[in-house]
Amino acid sequence: MTRTVEHVVCPTCGCLCDDLVVEVDGTRVTQARRACPNGRTFFKSYDPTPRLPRVHGREVEWNEAIAEAARMLTQARSPLIYGLSSTATEAQRCAVELADRLGAILDTTSSLCHGPAVLAMQSVGLPGCTLGEIRSNADLVIFWGCNPAVSHPRHFARYSLPPANRRSRVAVVVDVRPTATSDIADLFLQVEPGSDLEILTALRALVHARPLSARAIGGVPLANWEDLAGRMKSCRMGVVFAGVGLTMSQGRDLNLGELFSLVAELNDCTRFAAMPMRGHGNVAGADQVLTWQSGYPFAVNYGRGFPRYGPGEFSAVDVLAHGEADAALIIASDPLAHLPSSSAVHLREIPVVAIDPRESLTTRIAQVVLPTACYGLDAAGTYYRMDGVPIRLRPVISSARPTDEQALQQLLDSVVRVSAGAVPTC
Amino acid sequence: MSATVLQARANLTLPVEADSITPDRIDGLQQVAVGNLPILYGREWAPLGDLFAVSGDGRADLVLEGDLTHVKRIGQGMTRGTIAIHGNAGLHLGSQMRGGEITVDSNVGGWAGAHMAGGRLRIYGDAGPMLGSAYPGERRGMTGGVILVEGSAAARVGERMRRGLIAVGGSTGDFPGARMIAGSLFVFGQLGPRAGAGMKRGSIVSLGSLASGVLPTFQYSCRFAPGFLQLYLRYLLRWGMPVTPAHLQGQYQRYTGDINTLGKGEILIYDQH
C-alpha cells in the first residue's frame, strides 16, 4: 500500500529543501516529487533492509563488531576520526565525545572543501544572512567559483533566483570556464585560473575609488570590474555565493578573507552578504557541533587531553599523507573516493572502522563495517542548512537499523570499558 | 663532552611532539633525568629515552641525530643555548623561540619559527609552508629574531610577521609576506606570486626573479638605491647568504602597498638592468 508523506527534508546538499512530497510503498520510496535529480537518487536508491555488520569481511553480530572496533581504536597510538558531513548533529556530538575519550584527531570533510572559508571567517568575520532574506530581498546575486545548477539544482528556484523575482535581480557568475550556471547568468566574467585574489583586492580598491594602474585583472578588462564594483555599491541587497573554486585554488583562506572584507566594506553603502556554498547536507552542522564542543570547527587533536586546533597539521589529508595515523574511524563519508591519492594510499594500509548506511569504496576496505540507518529516510536527526539554520529531519520509512548516534554511543561505551581494563564483551 | 646528543632510536613514523627538547629544559639535568623528560608519542606520553638514545648529561648545547621528519616542536619556546639537528626536522621547529640558535642540516616542516620573538634559526635545506608566520586565529606571526634558509621556502613565508628578518636563499611559494605588519623578508631566488597581499608595513626584497608581477593594489613608486639595504645585505653576506657585489651597488624598483590596508609596505625589486 502506498502512502504519501509531505514536507519531507532532502539531506543531500546544503540547501536542505524541505518541501518534498514522498511516496512510500512498504519500506521503499517510490517517488520523491519536487526533488532534484540528486535528491531523487538519494531517496529512491536506498535499501533499508537490515544488514549485519562485517569484521574482516565476515558478517557478525552487532556487539562483536562494536567490540572489535573498540579494540582497534584503543590499541592505536594515533587514531583519526573523519567524516561527519552526512550525519546528524546528534551523531556528531557523540563523535566529539569519542575523540575526546580516545585522544584522537578529529576532522570533518570541511577541511577538504570550505575549511578555508571557516579560517577566513575566524580571521575577518563573515557578513552573512539567511537564505530566506536572500530570496526576499536580494537584487544582485553573484556566484563565484561555484556551479549550483549542477551541485545544488534547486538553489535558484528556492533561494537565489526564484522565478517570481527573477526579472528584478541580476545574476553574475565569476568562474574560470563556462558552466551550466553561467548559461543562465545575466553577466559572466570568465577569469584566469588562480587570479581570484588579484580580482578581489582590485574590487576592494575600486569600491573605495582607489586608483589602479592595471588595464586588465584576471584576464578581464578593468572596465568590467569597475562596472561590477558599481553594481555592488548601487544594489539594494547583494550576495556572493562562494564555491570551492575560491577555497581550493591558490590563496584558499586568503581569497575568502578578501571576499569577506570586500562584503563587509560594501555594507558601508548598501546591504551585502557572503555565503559559502556548502556541499554536503550537514557539513555546516559539523562545524557548528565541533565549535560548540571543542572551540574549533575542524582539524582538532585531543592527544594532549584537551582540544588543539591545527588546520594543515591535524587535517585528515595531511595526517594521512604523512602517515601519522595508525587507525581510522570513518563516519558517513567516503574518503577513499575523494581524498588525494597520497592520503588514500595510507588509509588502505591502516585498520579502518566505517559507519555508513550505504556501501562505498571505504566500506569495501574497512576491517569493521557498521551499517546504520540513513538520516532523513529511516532515522530522525538535526541538520544545519548552508546558512546555519537548523532543520529537523523526520524518518519517512521505518527500519531496524541503529542510527549513527546509537552506533557511536555503543562504541563509546565499549571504548570506556576497554580503557578501564574490562574485556570487551561480544 | 660539550653537548648533549640525542640520537633517534628508530625511524619514527607516528607524530612525536618534543617540546621538551630545549636547552632550557635539558641544561643542568643528569643523563637519566634527560631520558625521563616527557614527550608525546601519538596520543600517549612517553619518556624521551624510549625514542632517543641520550649521550651525556644535560647541557645548553644539544645535538639531534636521525630522521626527525615526524618530530614536532623541537626547540619550542627556547630562550638560550643551541640545537644542532643533523637530518630533517618536523613541524613547528623553534616556534615561539625567544633566544638561542637552531641549525638544521636538511629540510624542516611547516610553521618553523612561527611566532618567533628572538634568536636565530638557520636551515640549510628547504623550509615548509608558513615559515615565521602566525598560527590560525593569531594576529601576529614572528615578532623578532632571524630566520635564514639556504634552500627554498614553501608558501606563505612570513605571513603576519610583525618584526624580525627572514632571508631565503632559494625561491618561495605563493603569498610571501602576506598580511605582513612589519619586518623584512629577503628572497634571493624567485619571489613567489602575490607577494605582500594585504601587507601594512615592512619590506619584501626580491634579489632574484619574480614569479609574476606585483598585485594590482601595489603602486610603482621609484627606482633608487636604498641605503638601509646595504646594512642588511652586509649582515646577510656575513651570515653566508648569496649576496653579490651587484646587489650591494645596484638599483631597486620600489612598489608600495597594499593600498587596501595601510599601504605603507614596500616591495623592492633588484633591477638587473
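This is a predicted model: local features need pLDDT of at least 70, side-chain atom pairs count only at pLDDT 80 or more; totals for chains, interfaces and linings use all residues.
Close-up 1. Phi of A:Leu16 is positive, about 45°, although the residue is not a glycine. Most residues other than glycine have a negative phi.

**Close-up 2. B:His115, a residue of chain B with positive phi.** Phi of B:His115 is near 60°, and B:His115 is a residue other than glycine. The residue sits in the loop between strand 9 (101–104) and strand 10 (120–123) of chain B. Is B:His115 buried or exposed? With 25 C-beta neighbours inside 10 Å, B:His115 counts as buried.

**Close-up 3. A cis peptide bond in chain B.** The bond from B:Gly257 to B:Asp258 is cis. Omega is near -5°. Most peptide bonds are trans. B:Asp258 lies in the loop between strand 18 (252–257) and strand 19 (265–270) of chain B.

**Close-up 4. The side of chain A that touches chain B.** Here 29 residues of chain A are in contact with 25 residues of chain B. Helix 9 of chain A makes the largest share, 6 residues. By class, this side of chain A has 11 nonpolar, 10 polar and 8 charged residues.

**Close-up 5. Surroundings of B:Ala178.** B:Ala178 is in the loop between strand 12 (165–168) and strand 13 (184–187) of chain B. B:Ala178 is buried, because 26 other C-beta atoms lie within 10 Å. Which residues does B:Ala178 touch, not counting residues up to four places away in sequence? They are A:Leu254, B:Arg156, B:Glu159, B:Ala197 and B:Gly198. B:Leu62 is 116 residues from B:Ala178 in sequence. In space the two are 34 Å apart, C-alpha to C-alpha.

**Close-up 6. Helix 9 against helix 12 in chain A.** The axes of helix 9 and helix 12 (residues 253–266) of chain A come within 9 Å. They cross at roughly 15°, so helix 9 and helix 12 of chain A are roughly parallel to each other. The crossing of these two helices is left-handed. Helix 9 of chain A contributes A:Asp196, A:Leu197, A:Leu200, A:Thr201, A:Leu203, A:Arg204 and A:Val207 to the contact. From helix 12 of chain A come A:Leu254, A:Asn255, A:Glu258, A:Leu259, A:Ser261, A:Leu262, A:Glu265 and A:Leu266. The contact has 8 nonpolar, 3 polar and 4 charged residues.

**Close-up 7. Helix 3 against helix 18 in chain A.** Helix 3 and helix 18 (residues 404–419) of chain A pack with their axes 8 Å apart. The angle is about 15°, so helix 3 and helix 18 of chain A are roughly parallel to each other. Their crossing is left-handed. On helix 3 of chain A, the contact residues are A:Glu90, A:Ala91, A:Cys94, A:Ala95, A:Glu97, A:Leu98, A:Arg101 and A:Leu102. On helix 18 of chain A, they are A:Asp404, A:Glu405, A:Leu408, A:Gln409, A:Leu411, A:Leu412, A:Val415 and A:Val416. By class, 10 residues of the contact are nonpolar, 1 is polar and 5 are charged.

**Close-up 8. Helix 13 of chain A and what covers it.** Helix 13 of chain A has 12 residues (283–294). At 1.5 Å a residue, helix 13 should span 16 Å, which agrees with the 16 Å between its end C-alpha atoms. Its buried residues include A:Val283, A:Ala284, A:Gly285 and A:Ala286. A:Asp287, A:Val289, A:Leu290 and A:Ser294 are buried too. Among the elements of chain A that cover the buried residues are helix 3 (89–102), helix 4, strand 7 (105–108), strand 15 (300–301) and strand 20 (381–384). Just after helix 13 of chain A, A:Gly295 has a positive phi of about 95°.

**Close-up 9. Helix 2 of chain A.** The 14 residues of helix 2 (residues 62–75) of chain A should span 20 Å at 1.5 Å a residue. The end C-alpha atoms of helix 2 are 20 Å apart, which agrees. Which residues of helix 2 of chain A are buried? They are A:Ala65, A:Ile66, A:Ala67, A:Glu68, A:Ala69, A:Ala70, A:Met72 and A:Leu73.

Methods: Residues are numbered from 1 along each chain as its sequence is written. Chains are lettered from A and ligands numbered from 1 in the order in which they are written. Two residues are in contact if their C-beta atoms, placed from the backbone, lie within 7 Å. Helices (H or I, at least four residues) and strands (E, at least two) are DSSP runs, numbered from the N terminus. Ala, Val, Leu, Ile, Met, Phe, Trp, Tyr, Cys and Pro count as nonpolar, Asp, Glu, Lys and Arg as charged, and the others, Gly among them, as polar. The expected span of a helix is 1.5 Å times one less than its number of residues. A residue is buried if 20 or more other C-beta atoms lie within 10 Å of its own, exposed if 12 or fewer, and partly exposed in between; C-beta atoms are placed from the backbone. Axes are lines fitted to C-alpha atoms, for helices over the stretch in contact, and angles run from 0 to 180 degrees between N-to-C directions. Angles under 35 degrees count as roughly parallel, over 145 as roughly antiparallel, 65 to 115 as roughly perpendicular and the rest as oblique. A crossing is left-handed if the near helix is turned anticlockwise from the far one by less than a right angle, and right-handed if clockwise.
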